[in-house]
Amino acid sequence: LWGAEAEGGWSSREEQLLLDAIEQFGFGNWEDMAAHVGASRTPQEVMEHYVSMYIHGNLGKACIPDTIPNRVTDHTCPSGGPLSPSLTTPLPPLDISVAEQQQLGYMPLRDDYEIEYDQDAETLISGLSVNYDDDDVEIELKRAHVDMYVRKLKERQRRKNIARDYNLVPAFLGKDKKDKEKAPKRKITKEEKELRLKLRPLYQFMSCKEFEDFFENMHKERILRAKIRELQRYRRNGITKMEESAEYEAARHKREKRKENKNIASSKRGKEDGKEGEFAAIENLPGFELLSDREKVLCSSLNLSPARYVTVKTIIIKDHLQKRQGIPSKSRLPSYLDKVLKKRILNFLTESGWISRDAS
């Protein structure tokens, strides 16, 4: 059919089978096309003959125009453009077992989860289609949807990076405890744990190493401030050399020890003295002589002045007598009397017979 310009001597029967194969299998499936043409033709021969005769030959020049109108342009690119593969570069897969992957719904080859952050984000673009009769407003609206979707993809990747940087997946699976046992670090106090909780919002702005360095520097700052206050205290007490500080600390420790022993001895002596030592805090207050021995013990245990106790006692007994006579009482107790004090005083007055048990 092609004459002398055709290499390989293709017969008309083979040419017809080649055209049937390209229509059936599509451009590029040269193995299937070669099997359809016949065993005498290899895939390489089929490809070279079709490209040279039907694309670059006279037939291709006559049928295929130089400029194709309305050609679809591939806008995706590996340079960070919209929807490009480099937009969300997958991280290396997590080193977890198959059972843990199933527990998390994790797909290691794609570094994806069955349930992602903002699972319905794809609905923004799933129904989009480009029509050539769209006006400018519709095109801009569709572009806005794509921009919103791209921001959601970036937010997904940002959260994955944070989880990977701070080892949140091993922490969720309980593996971080084993790692902590292997490499013991400085013991963190309760105050430092509370400070770490307060600084938790900074995790999203700093990497794990940056945050750890920041936290350690804050710990060093706290130690230095405490040391400075200690040195200033030494200076106020007239100490100018570090050698003298050890002697000063030893003397201060002895002094505090003597003061503690003195307080213990005074408390024991007060107990031995009896009731006079027990009532030393209230015996000089007004109204002390009006109290009975039991009332003195009560006021001393409640740390309540005799005058205030007498006032509360008078109000309670007055309310009790008015209720017995059927008179409604609206008297208010003093503000310094909380529920615990009121209950203790009511129980005492009931046990002493001042008011009946039903009234209390």
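1. Arg255 lies in helix α11, residues 242-273. Helices (H or I, at least four residues) and strands (E, at least two) are DSSP runs, numbered from the N terminus. The relative accessible area of Arg255 is 40%, so Arg255 is partly exposed. The classes are buried (under 20% relative accessible area), exposed (over 50%) and partly exposed in between, with a 1.4 Å probe and protein chains only.

2. On the basis of the note: this is a predicted model, in which local features need pLDDT of at least 70 and side-chain atom pairs count only at pLDDT 80 or more, while totals for chains, interfaces and linings use all residues. Residues are numbered from 1 along each chain as its sequence is written, and side-chain values use heavy atoms, with hydrogens and water left out.

3. Arg255 belongs to a surface patch of positive charge, together with Lys254, Arg258 and Lys259. Patches are made of residues with over 30% relative accessible area and no salt bridge; like charges are joined within 9 Å, and nonpolar side chains (Val, Leu, Ile, Met, Phe, Trp, Tyr) within 5 Å. Lys and Arg count as positive and Asp and Glu as negative, whereas His and the chain ends are not counted. The place of a charge is taken as NZ of Lys, CZ of Arg, CG of Asp or CD of Glu.

4. There is also a patch of negative charge on the surface, formed by Asp133, Asp135, Asp136 and Glu138. Glu138 is found in helix α6, residues 136-165. With a relative accessible area of 39%, Glu138 is partly exposed.

5. For the chain as a whole, there are 15 helices and two strands. Of the 360 residues, 25% are buried. The chain exposes about 27100 Å², and carbon and sulfur atoms supply 54% of that area. Accessible areas come from the Shrake-Rupley method with a 1.4 Å probe; for residues, only the protein chains shown count as cover. Taking contacts between residues at least 6 apart in sequence, 44% join residues at least 24 apart. Contact means heavy atoms within 4.5 Å.

6. Val169 is an example of a buried position. Val169 sits in helix α7, residues 168-173, and counts as buried because its relative accessibility is 11%. Leaving aside residues up to four places away in sequence, Val169 touches Leu94, Leu104, Tyr113 and Ala163. Val169 and Leu104 are 65 residues apart in sequence, and their C-alpha atoms are 8.9 Å apart in space.

7. Two backbone angles deserve a look. Asp118 is not a glycine, yet has a positive phi of about 55°. Asp118 is placed in the loop between β2 (112-113) and α6, and counts as partly exposed at 28% relative accessibility. Asn167, also a residue other than glycine, has a positive phi near 55°. Asn167 is found in the loop between α6 and α7, and is partly exposed with a relative accessible area of 46%.

8. A search of the whole structure finds 19 salt bridges. A salt bridge is a side-chain nitrogen of Lys or Arg within 4 Å of a carboxyl oxygen of Asp or Glu. Side chains of opposite charge can pair when their charged atoms come close. One of the salt bridges joins the side chains of Lys142 and Asp134, at 2.7 Å from N to O. Both Lys142 and Asp134 are buried.

9. Helix α10 (residues 208-236) holds both Asp213 and Lys209, four residues apart, about one turn of the helix. Their side chains meet in a salt bridge, 3.2 Å from N to O. Asp213 is partly exposed, with a relative accessible area of 35%, whereas Lys209 counts as exposed at 59% relative accessibility.

10. A further salt bridge is formed by the side chains of Lys227 and Glu230, 3.9 Å from N to O. Lys227 and Glu230 are three residues apart in helix α10, so about one helical turn separates them. Lys227 counts as partly exposed at 38% relative accessibility, and Glu230 is partly exposed with a relative accessible area of 25%.
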